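This report goes through a protein model with two chains, one part at a time. Keep the structure in view while reading.

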Amino acid sequence: MTQVILGQFLNGIIVGTLYGIIALGVTLTFGITGIVNFALGQFMMIGAYAAWHFTDITHLPYPVSVVLAVLVAGLAGFLSDRALFQFTRNNLVNGLLVSIGLISVIESGALLLYTATPKNMDFVLSGSWTVGAITISRMKVVTFGVLLAVIGLTWLALANTWLGRATRAYAQNPEAAMLMGVRTEMLQVGVSVYSCALAGMGGALYAGLYSLEPSMGALFILKGVEAAILAGVGNLAGALVGGIILGVTESIGSLFLPTAFRDAYGLVFLVAILLFRPSGLFGSQK
Amino acid sequence: MRFIAKFATTALLGALLAAGAQAQDVVKIGQIEAQTGPNAIYGWMPSQGVPMAIDEINKAGGFKVGDKTYKLELVSLDTRGDPKEATIQLKRLLEQDNARFVYGPFLSNVFVTVLPYAKQFNGKFLLMGGATRMHDFVGTPEHDFVIRTWNWDAGPNGFGERMVDYLIKTAGPKKIAMLFQNDQGGKVLGEIYEPIFKARGIETVTEYFEPGTKDFTPVLAKLAAFKADYLFPGYADAPLYDIVRQATEGNFIRKFFLVRGSLGPGMKNKDGIEDYVVYVPKHFEEAEKTSPKVKQFVEAYKAFYKRDFPYDQAPLCSSSCYDHVHMLVAAMQKAGTVEDVGKVRAALLSFTHSGVWTIKYDQRGEQIFDFDIAHLKKGGAIQITRVEP
């Protein structure tokens, strides 16, 4: 039983990084543009379908498809920002309404292009690795590694580059950052596009693991927001940890409790944490 | 000027009369199936087969009932598997389009949702669908409108019982783990098969997953602890692809038994599975070689749609599909009416149709037809066993 629990613990960590990449996008967008972009799940879906299309239809190598999918999601994010989100900066309600509207538009577009019938990508990396009694799919391990690297590089960039410092400065005090010469409008566009590209990367890797449906984005944005709130919205490193905690809670919860209510276990955990730490596990307590 | 006005009036009156006469000579058929969506496996093929049959009949000049010749008109609506959508669509078909014959639904959750509304029209139309839940209502009082266009799993003609007997004969399992979607379709499968396995001394455990689940690893790990001989997952290909892949990659279980779904998930994972036994209403690749009617149907599909024949989806044309339109026309001709649904129903239940499938209805109104058991082994070798109830 210990090995079963350990196996599901590892599985939860891996699945949790998918939640974490969305949570990172949510946190970045909220911290810089002042809005919660609920359409990030749809940008994940765009990345997933783009990766599937480039791999299975145009027969490009999967790594190339992932890069292209990230670019497609990023471009979609740029167009959305220019057309819509630039008019909702720091207006939480308007940003929320616009992002919810965008969800319907993007999902309808996917339905039109690909119908609602699920798509299954040809196996990119099949098989699994076994250590003792624990078996983990190779594709899941690679996905975890890539996402961890991307999230890690994002954190390092924010911590050590001028752009990263400018971003953090803006998040702390927009007026002061502007006075110090930070080009705030470009920063907001850049963060918005980067968040969508991150979501697109998550989607492209997701496509190598699971079947795709136009409605897949709804589940992942919910998980991403849950993870961001669990960690404390605004805490970048916490976004990944929040995602992992959620993934592990669901996996371990499903082992001992009915699987049919799996999504509820993460929510129950979130509520329990917020009762004692309203600003999240790593959020500021003031 | 007067002559032109008279001529125009006569022409207009003539056109209106002709249109009116045309409207009387058309029998409207409705269809409510999930043509797209996660459960499209159960609705897409019927949406392909019904138009083909209607086109064939109309191109042959229609069909005669009494002294009149009729043509068929199809109103086909995509429910996407959404019960609320299906109810609105059925309302349109019955109240606006005045359709007396409606094909669908194949999904139980859709059927139970439309049922209260449909019941108001008992005696005025026929609802001919393959939904498993329809079994509970077919042939019962105030449900004359229900005709179930698929085999029932249990009972003397039950295909599920035959499938389980085949599994016992070829593999002799002692334990089966069942994994179904947490909805009407999944629940009814649990209700049917737990007693069937128990009656044969096979131990079972059942888990349900939330619709939309993608990561099945935790529940597969839970089921693996039961050390089942076979995993019995259901019921649509959408989750089956994920379940079979994760079960084999995670080394949880490599043997599968299915009564819903297709060969597709097994074939995609053919190097990871050890055994994959699936109920296939007809294995078209084999049947095409031996049955002229199947071959004709395949050729007709390619000519009509100008694309390759969907061998993986075609088995689901066993419900509310091509053969059923021909049966309905034959029933109307036998009954001598296109309007009296009671007589048409009685006629439908009175004969055996020999088409792509050999189909008849039992006295309650539930379909009985021949089917195949596809046994897929590791590597992709398939063995087909024909069963004729």
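The model is a predicted one. Chain A contains 11 helices and two strands. Read from the N terminus, its elements follow the order α-α-α-α-β-β-α-α-α-α-α-α-α. The C-alpha trace of chain A spans about 60 × 50 × 35 Å along its principal axes. A compact globule of 286 residues would have a radius of gyration near 19 Å, and chain A, with 19 Å, agrees with this.

Chain B has 13 helices and 16 strands. Its radius of gyration is 23 Å, close to the 21 Å that the globule rule gives for 389 residues, so chain B is as compact as a globular protein of that length. Along the principal axes, the C-alpha trace of chain B spans about 90 × 45 × 40 Å.

## Where the chains meet

How many residues of chain A are in contact with chain B? There are 27 of them, and they are in contact with 26 residues of chain B. On the side of chain A that touches chain B, at least two residues each come from helix H1 (2-33), strand E1 (128-131), strand E2 (134-137), helix H10 (236-256) and helix H11 (262-276) of chain A. H1(A) gives the largest share, five residues. Sorted by class, this side of chain A has eight nonpolar, 16 polar and three charged residues.

## The domains of chain B

Chain B is assigned two domains: domain 1 (26-152 + 289-370) and domain 2 (159-282 + 372-387). The centres of domain 1 of chain B and domain 2 of chain B, taken over C-alpha atoms, are 28 Å apart.

Between these domains, 17 residues of domain 1 of chain B are in contact with 16 residues of domain 2 of chain B. The side of domain 1 of chain B that touches domain 2 of chain B consists of eight nonpolar, six polar and three charged residues.

## Two crossing helices

Two packed helices are described by the angle between their axes and the distance between the axes. In chain B, helix H4 (residues 108-119) and helix H6 (residues 184-199) have axes that come within 7 Å and cross at roughly 105 degrees. Why does H4(B) count as roughly perpendicular to H6(B)? The reason is the crossing angle of roughly 105 degrees, because angles of 65 to 115 degrees count as roughly perpendicular.

In this contact, Ser108(B), Asn109(B) and Val112(B) of H4(B) meet Gln184(B), Gly185(B) and Val188(B) of H6(B). By class, the contact of H4(B) with H6(B) has two nonpolar, four polar and no charged residues.

## Two sheets in chain B

One open sheet of chain B has six strands in the order E2-E3-E1-E4-E5-E6, with mixed pairing. At its edges are strand E2 (63-65) and strand E6 (146-148) of chain B, each of which pairs on one side only. On average, and with direction ignored, neighbouring strands of this sheet are turned by 30 degrees against each other. Within the sheet, E4(B) and strand E5 (residues 126-129) of chain B run parallel and are joined by three bridges. Phe101(B) has Leu126(B) in E5(B) as its bridge partner. Helix H3 (residues 83-96) of chain B packs on the sheet and touches strand E1 (26-33), strand E3 (68-78) and E4 of chain B. The direction of H3(B) makes about 175 degrees with that of E1(B).

Another open sheet of chain B has three strands in the order E12-E13-E14, and its pairing is antiparallel. Strand E12 (353-354) and strand E14 (367-369) of chain B stand at the edges with a single partner strand each, so one side of each has no neighbour in the sheet. Three antiparallel bridges pair strand E13 (residues 358-361) of chain B with E14(B). Ile359(B) is opposite Phe369(B) in E14(B).

## Backbone details in two loops

Which peptide bond is cis? The bond that joins Gly104(B) and Pro105(B) is cis, with omega about -5 degrees. Pro105(B) is in the loop between strand E4 (101-103) and H4 of chain B.

Lys306(B) has phi near 55 degrees, a positive value in a residue other than glycine. Lys306(B) lies in the loop between helix H11 (292-305) and helix H12 (322-335) of chain B.

How values were computed:
Residues numbered from 1 in each chain as written. Chains lettered and ligands numbered in written order. Predicted model: local features only at pLDDT ≥ 70, side-chain atom pairs only at ≥ 80, totals over all residues. Domains from an automatic or database assignment. Contact = placed C-beta atoms within 7 Å. Nonpolar A, V, L, I, M, F, W, Y, C, P; charged D, E, K, R; others polar. Axes fitted to C-alpha atoms, helices over the stretch in contact; angles between N-to-C directions. Helix = DSSP H or I, 4+ residues; strand = E, 2+ residues; numbered from the N terminus. Parallel < 35°, antiparallel > 145°, perpendicular 65-115°, else oblique. Pairing = 2+ DSSP bridges. Rg over C-alpha atoms; globule rule 2.2 N^0.38 Å.
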